[in-house]
Amino acid sequence: MMKKYSITIAGNMGVGKSTLTQLLAKELNWSPFLEAVDDNPFLEKFFQDMNRWSFHSQVFFLSRRFRIHREMVQHPGSVIQDRSVYEDADIFVRNLYRLGKMSDQEYQLYRDLYDEFVQILPKPDLVVYLKASIPTLIARVQRRGRHFERYISPLYLQQLNELYNAWIEDFTLCPILTIDTDRLDFVRSSADFGSIRDKILAEMNIEPVYL
């Protein structure tokens, strides 16, 4: 019986998580589980008025993350997840609370829900952290052209980058592979994609078998 693997692609907005998730899934014949960005009815409102919609948007993501994790556990084959619930809580929600975009009561309620949730989660085998500088993130966000993301400021991305760097230093639930993507174009360059793929497989001690 083949071993079932589970990896998570982590990183800031615009870094390329969804794209890499889908490319790896196709290459390795694993199943992708993508972030429910387009399904979030609060997201555009959130970027227009963070004080009003932060809690709603993040609880929506938490509920969808729980559903995705349940589906991943039930799935018979290896899986690749686009962003983890750990990032939601320790980076995005923490940043919103730190900026005063969530009240004490909202933040505590979210943390209570999150703490109950993560106790029953199986840990991934590997977290792949894609990092990039602010100019790279801005260029990629603009390139993909999501309407609501025009409200994102460089300062907001910088705040998230700082929290990501601190989070990676303290994360101990599973191994982490950090990949600097500033000089990589894994969408247009097969060599760049192959380099990332091979690093992931080597980190997990998986013999490369491509379809």
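Modeller: Contact means heavy atoms within 4.5 Å, and helices (H or I, at least four residues) and strands (E, at least two) are DSSP runs, numbered from the N terminus. The model is predicted: local features need pLDDT of at least 70, side-chain atom pairs count only at pLDDT 80 or more, and totals for chains, interfaces and linings use all residues. Residues are numbered from 1 along each chain as its sequence is written, and side-chain values use heavy atoms, leaving out hydrogens and water.

Biologist: Which residues of strand S3 are buried?

Modeller: In a regular strand the side chains alternate between the two faces of the sheet. Buried means under 20% relative accessible area (1.4 Å probe, protein chains only). In S3 (residues 79–82), Val79 and Gln81 are buried on one side, and Ile80 and Asp82 on the other.

Biologist: What runs parallel to S3?

Modeller: Two strands pair if DSSP finds at least two bridges between them. S1 (residues 6–11) runs parallel to S3 with four bridges, and threonine 8 stands opposite glutamine 81. S2 (residues 31–33) is also parallel to S3, through three bridges; there proline 32 stands opposite isoleucine 80.

Biologist: Which residues of H8 are buried?

Modeller: An α-helix has 3.6 residues a turn, so residues three or four places apart point the same way. In H8 (residues 190–203), the buried ones include Phe193, Ile196, Arg197 and Ile200.

Biologist: What covers them?

Modeller: The cover over the buried residues of H8 includes S1, helix H1 (17–28), strand S4 (126–131) and strand S5 (176–180).

Definitions and conventions:
Buried < 20%, exposed > 50% of the residue type's maximum accessible area, 1.4 Å probe, protein only. Expected span 1.5 Å × (residues − 1).
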